[in-house]
Amino acid sequence: MADNKISYLNKTFSDFKTNLINYTKTYFPNSYNDFSDANPGAVFIELASYIGDVTSFYTDTQIQENFLLYAKERENLFALSYGLGYSPKVSYASNTIVDIFQLIPSSGSISVPNLQYGLVIPENTIITSVSTGTKFLIIDKVDFTNTTNTEITFVDTNYFLLKKSVTAISAEIKSTTLQFSTPQKFQIATINDTNILQILDATDASSNKWYEVPYLAQSSILTTIANPTSGSDGVPYLVNYTKVPRRYVSRFLSDDTLQLEFGAGVANASDGTLLPNPDNIQLGLIPGISNLLTGYNKANVFFTQEYGLAPSNNITVRYLVGGGITSNISSNDLTSINTLGVYFPSGVTGTLADQIKASIASTNPGVASGGRGADEVEEIRNNALYAYQSQLRAVTREDYIVRALSLPANYGNVAKVYVTQDVAQEMIPTSTVSTTEMRNPLSLDMYVLAYDDNKKLTTATNTLKSNLATYINQYRMVTDAVNIKDAFYINIGVDFDITVQRDYNNNDVVTNCILSLQNYFDINKWTINQPISISDIISNLVKVKGVQSVVKIEITNKQGGNYSPYAYDIPGATRQSNIYPSVDPSIFEVRYPDTDIQGRVLGLGSTTLIC
């Protein structure tokens, strides 16, 4: 029956049943004509309809599970996300600021702390919540021998109380040993634990370090070495690219376990580089067939160990676990600090040293927040879509700004960034030939400033700029050129006169006005090339309770000494109640808010209101 009309559009049970009945009536009118539910033949029609419905459902489901926008199975979402460059999370750690205290004796007859008794509390020291038992790790080392960013309180003639603040996250360090013997290609090992946050390090039995990379085809990573001149330029580490033959990738599975995959090379050979040339570029391809349209990439051009070495002995992995919604603890709860790793760099010992060590205390003045569970289905879907679009590449001006500000703090402290097109795009003569050349039209100028130890703006050191250039290089487009330059900071003072309403205390009102302007000029809120609006300053002042009117606002330039070395003509830069920065990228800074902002109260009959 070649002319049979079969419908391929059926999807539901009722569709299949209706079409089967119509098909039977059309092509078998004499053989079967009783379609009542009581007829035993109806069973076969309904069974066929049932099978068709189920088959159609699973066909549709399997198809939609191949697309990120429609997939619902967690396992499929994880696989699709990794393919698009997003790594799903199974736990998020909470964080908070922890205040750490220690008593320190005075230095002889002079009322200053004796820093010989300054303690060092190593990074990863554990502080435990007294109410929930949740463990927190401090991120950075706390060094009480250095009084920078230290609050010192006089206790009595014998002791001072020192306080430093440090960030802590809800995590603890665990370790496991992955068993390997004979090298095999792409060996996989699994860490079975709950609430895994990240891997800290991996070391094999021969003390070789293994490095985590996003993809096994990535053979170089950014690594750090101690900066020998950190005392002079404030940058503790130098950043550089290092080729890492011992590498692995990690992926969370849908059951929240962590899977590690290692390379395909053998462990008794080095991971050498093979440069492309006509003799080896076509290795492995069928001879005699045109290779003009062959898609080459660094992962498959050569038969080399581009995917890294395969492990041949056991690897010990240290990793962080923690987080979750229960890690969001209340304030003043982190008071149990583990002091086993605390030490005196000076080596002092004795009863007094033991007493000083026993004085270590901690607390969190604010709540710990940010802890939560694994990514939900919709979060994985949307984060993967975003990761695919951004691809960690710096393309727009905003991309470069965010990437520069993301420089890890141990490579230097980038405070402010401004990116613009290179202004010198004209034809320029070369020094070596008689012709002329054009500057790169895609060249960008990145202006940066740094913070000093007291969070005051300063010029970035050469070490910091070198680290930033190395860091940016892995994200920039190959055709882009980025020139890292120094921005300028202009220090200012603010003087204001106000009148105060009746029944308000003059000193209280002026104090609140100063606090309002300190908040307005908070350096965290200011960017390079941002003008000062006199109208905004007045608006902030008139919102303070008790202010009747603003009589005068005067912005003055502070220059020399502890201030910026750059003088600036404030009156000449003022246009229509706005004070503009210079043509060269610069930023305004109130360097010492406690003294550089001054105000006074005038009588009701004083000068006119500024508006």
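## Helix 7 meets helix 8

A helix axis here is a line fitted to C-alpha atoms over the stretch in contact, and the angle between two axes runs from 0 to 180 degrees, taken between N-to-C directions. With that in hand, look at helix 7 (residues 397–405) and helix 8 in this predicted model. Their axes come within 10 Å and cross at roughly 125 degrees. That angle makes helix 7 oblique to helix 8. The crossing of the two is right-handed.

Which residues actually do the touching? On the helix 7 side they are Y400, R403 and A404, and on the helix 8 side they are L468, Y471 and I472. Sort the residues of this contact by class and you get five nonpolar, no polar and one charged.

## A closer look at helix 8

Helix 8 covers residues 462–473, which is twelve residues. From its first C-alpha to its last it reaches 16 Å, close to the 16 Å expected at 1.5 Å a residue.

Now for what is tucked away. The buried residues of helix 8 are T463, L464, K465, N467, L468, T470, Y471 and I472. L468, Y471 and I472 from that list also take part in the contact with helix 7.

## Helix 9 meets helix 10

Here is another pair to find on the model. Helix 9 (residues 506–520) and helix 10 (residues 534–542) pack at an angle of about 140 degrees, and their axes are 9 Å apart. So helix 9 is oblique to helix 10; the cut-off for roughly antiparallel is over 145 degrees. This crossing, too, is right-handed.

Helix 9 brings C513, S516, L517 and Y520 to the contact, while helix 10 brings D536, I537, N540 and L541. By class, that makes five nonpolar, two polar and one charged. Zoom in on S516, which sits in helix 9. Is S516 buried or exposed? Its relative accessibility is 16%, so S516 counts as buried. Setting aside neighbours within four places in sequence, S516 is in contact with N540 and V544.

Most residues other than glycine have a negative phi. You'll find D503 in the loop between strand 26 (488–500) and helix 9. D503 counts as exposed because its relative accessibility is 84%.

N529 also has a positive phi, about 70 degrees, and again is not a glycine. Its place is in the loop between helix 9 and strand 27 (532–533). With a relative accessible area of 26%, N529 is partly exposed.

I97 belongs to strand 1 (residues 95–107). How many residues along the chain separate I97 from S331? There are 234, and their C-alpha atoms are 9.9 Å apart. Leaving out residues up to four places away in sequence, I97 touches S165, V166, T167, T363, N364 and P365. I97 is partly exposed, with a relative accessible area of 42%.

A409 gives you another pair to trace. It is in the loop between helix 7 and strand 20 (414–421). A409 and P236 are 173 residues apart along the chain, and their C-alpha atoms are separated by 8.9 Å. At 65% relative accessibility, A409 counts as exposed.

Technical notes: Residues numbered from 1 in each chain as written. Predicted model: local features only at pLDDT ≥ 70, side-chain atom pairs only at ≥ 80, totals over all residues. Heavy atoms only, no water. Helix = DSSP H or I, 4+ residues; strand = E, 2+ residues; numbered from the N terminus. Parallel < 35°, antiparallel > 145°, perpendicular 65-115°, else oblique. Left-handed = near helix turned anticlockwise from the far one by under 90°. Contact = heavy atoms within 4.5 Å. Nonpolar A, V, L, I, M, F, W, Y, C, P; charged D, E, K, R; others polar. Buried < 20%, exposed > 50% of the residue type's maximum accessible area, 1.4 Å probe, protein only. Expected span 1.5 Å × (residues − 1).
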